[in-house]
Amino acid sequence: MTDTTEKAAVKTTTGAASTAPSPAPAPRGTRVWRGVTPWLFLIAPLALLITFTYAPVANMLAYSLTDWDGVSPELRYIGAENYAEIFTREDLFRVFFVSGYYLVASAVQIVAALYFATILSFNVRFRNFFKGVLFFPYLINGVAIGFVFLYFFQDGGTLDSVLNLFGVESDRAWLGTPVSANTSLAGVSVWRYLGLNFVLFLGAIQSIPGELYEAAELDGANRWHQFRHIIAPGIKPVLTLTVILSISGSLSVFEVPYIMTGGATGTETFVIQTVNLAFRFGKTGLASAAAVVLLLIILLVTWIQRRLVPDDKVDLV
Amino acid sequence: MNRRHILAMVAGAALLVPGCTGTGGTSKGADAEAPTDPAKVTGTIKVLTVRTDLIQDGTLKRYAAEFSKAYPKVKVEFEGLTDYEAEVKIRMNTKNYGDVLLIPAVVKKSDYPKFFASLGTQEERAKKYRFTDYTTVDGKVYGQSPNGVSPGFIYNKRIWKEAGVTEWPTTPAEFIADLKAIKAKTDAIPYYTNFAAGWTLSGWTSVNGSVHCDPKATDKLAEGDPWAKGADLRVGDTLLHDMVKAGLIEKDPTTSNWEESKPRTAKGEIATQWLGTWAIVQFQDAAKKAGVNPDDIGFMPFPAQTGSTFCATISPDYNQGVNVHSQHKAAARAWIDWFTDKSTYAQDNLAISPLKGAPLPDVLKPYEEAGVKFIEVDDTKGAQVKNVDNQSEVGIYAPEYRQNLVDLARGARDGSLEAFFADLSKRWTETQRTAGS
């Protein structure tokens, strides 16, 4: 993608140069000014990026080498001790099993999003309405979602009442056991992020030229064939991106379980554990190291994925 | 290409600069002396508080108006923080954390002199006030709680009576038997864990001291094994476990709702909850709002007797301290003194006054009649206990371990109670050895 944009950019500049009568090269001052201008435009975004993204990360790296408790004005440099502790305590990694639930949920989510995106990209009645319905949950604040679903899963709450309407007498604590709690929470997360995946897929599908479908139909391809041979290969880059986002998201699940259960009943994720280390037990140094480790794990997973599924160019025609 | 490399290097170097944090170099050991002439104290002070409700209904403003009659040149402003601990903790990395604030639990006791101005020596203050040892570092006191609380069971008197129980249970076994009677004879939930809120479960740690009527209970946490047979925490935790195991709690603890539990207790849908004296006012208010009799809200001590008397521990609520960086230390000190001695805050909250010898609030009349003995647990080793707690990640002041205990009791977690306690004991005593004093 970058290649084509670069080429396009080159084309336009050369085009401009050929049409405009360009006499002698601009004076030195103007040239310097021209070189500086893009950077001037970049000052604001770069300042924001550095202040709010890279400086805190650098700070976190620094804290991860200390025994800071989060408040005390005194902090001691202890080198890699925190990292040593993380890698020697297997209980800190056990929480990654919980991510398994969210990984499975991501798979369900991607398939569902793909299904809805495909259907709604064809001519369906009330199609904009359904698009809105599907995307809506993504617009709601995560904290609000947590509270809404607490009522939803409550004993005699919304879910139980709805099931009652259909004659299913449900008498179970949805958040009661680790398996049911994690499944419920993963369900909430599917509900929440389905809309985002859906919109990404829909956008990609709609960028596929319409003639292709017409041609395919003339050749006698049904909807499944169209999906299999036009849509699926056409949105492959977006699909890979979504898979990467889903996996890194599953490894760093936080707000839904934190608000709804606080990590109780075996729903603790790695990030909740990190937050507890930092804020409950005053081990900010160790927690920073844990955050760095999570960052590295996610980078590694992404890198492996990119190696396995290289980002080849889409060429439908 | 080359230019880009240089740029990346410069940017990289710039990123490393803020790696050194700007903490350290704070002033230390300042005193906030009590002003001698009220008319001469001037300044505007900011008081940080958790009681956002009292800001909204104007109660704090009324106290401030009362205060300015005595100190006409001092202006008091309040700032309510809903997530107090987390917000103040971050602000304490700067110098700007109000003039008067509640000392957050997260601050290490040994760091008090770096953050707060001293209010005087313990020797001198302990003559007049309770709870001084909770904030004493090297003989100097750094905070004063405006009220004291005592842990206990909030219960609905009507329901307990309907179940045929008129006397307070004196042993955990009797307590369980009474809850069973409630379950059999009434529609009420015998005990409500408030599992989801979390802090309601960590409150069970305050059982410590009342089981064996031991003012040195905190020392035992610091040096002994809190889950040894017969130890206070083990007695409390076993009671909690047994209640859950016997099915005497709400059907689905994971979705329990604290705000809802107040009116439900007042109305008699819930019979009992382990909280503290501070909660009585809130439950009575809930009763008034729900249109039921607030006098149904009762309060009882932990079911354990030493020499046929109940024991109740008294401990301070948040301690108020003066910011060591405050520009108006005299005014801040004046506010703390006035708020502790002259305001009606403790009475208004039906709390135990921090002044020695002050009468008990009316709600504790049944305690006086039953001859409940009040003890103040010595907190000299409190900092050590907290250190062991943090290092071992057991979290006796955090909800996780009791949530795990409840999960264990209701079968959502594998294992035996014996093994659960053994694991806690092991982690705790091992950390005691390594963390030391």
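**The interface of chain A and chain B**

Across the interface of chain A and chain B, the rule finds 6 salt bridges. One of them joins Asp155(A) to Lys251(B), with the closest N and O atoms 2.8 Å apart. Keep in mind that this is a predicted model.

Polar contacts next. There are 14 residue pairs in polar contact across the interface of chain A and chain B, both residues at pLDDT 80 or more.

Which elements of chain A give two or more residues to the side that touches chain B? Four helices of chain A: H2 (28-63), H7 (142-153), H14 (270-279) and H15 (284-308). H2(A) gives the most, with 8 residues. By type, the residues on that side of chain A divide into 24 nonpolar, 10 polar and 7 charged.

Now the extent of the interface. In contact are 41 residues of chain A and 37 residues of chain B. The buried area between the two chains is about 3200 Å². Carbon and sulfur atoms give 55% of that area. Three residues stand out on the chain A side: Val71(A), Pro73(A) and Phe281(A). They supply 22% of the area that chain A buries against chain B, more than any other three residues.

On to chain B itself. Chain B has 19 helices and 16 strands. Its radius of gyration is 24 Å, close to the 22 Å from the globule rule for 437 residues, so chain B is as compact as a globular protein of that length. Along the principal axes, its C-alpha atoms fill a box of roughly 75 × 65 × 40 Å. Of the 437 residues in chain B, 54% are buried. Last, contacts within chain B: among those between residues at least 6 apart in sequence, 75% join residues at least 24 apart.

Methods:
Residues are numbered from 1 along each chain as its sequence is written. Chains are lettered from A and ligands numbered from 1 in the order in which they are written. This is a predicted model: local features need pLDDT of at least 70, side-chain atom pairs count only at pLDDT 80 or more; totals for chains, interfaces and linings use all residues. Side-chain values use heavy atoms; hydrogens and water are left out. Contact means heavy atoms within 4.5 Å. Buried area is the accessible area (1.4 Å probe) that two parts lose on being put together, summed over both. A salt bridge is a side-chain nitrogen of Lys or Arg within 4 Å of a carboxyl oxygen of Asp or Glu. A polar contact is a pair of N or O atoms within 3.5 Å; within protein, one must be able to donate a hydrogen and the other to accept it, and residues adjacent in sequence count only if both atoms are side-chain atoms. Ala, Val, Leu, Ile, Met, Phe, Trp, Tyr, Cys and Pro count as nonpolar, Asp, Glu, Lys and Arg as charged, and the others, Gly among them, as polar. The radius of gyration is taken over C-alpha atoms; the globule rule is 2.2 Å times the number of residues to the power 0.38. Buried means under 20% relative accessible area, exposed over 50%, partly exposed in between (1.4 Å probe, protein chains only).
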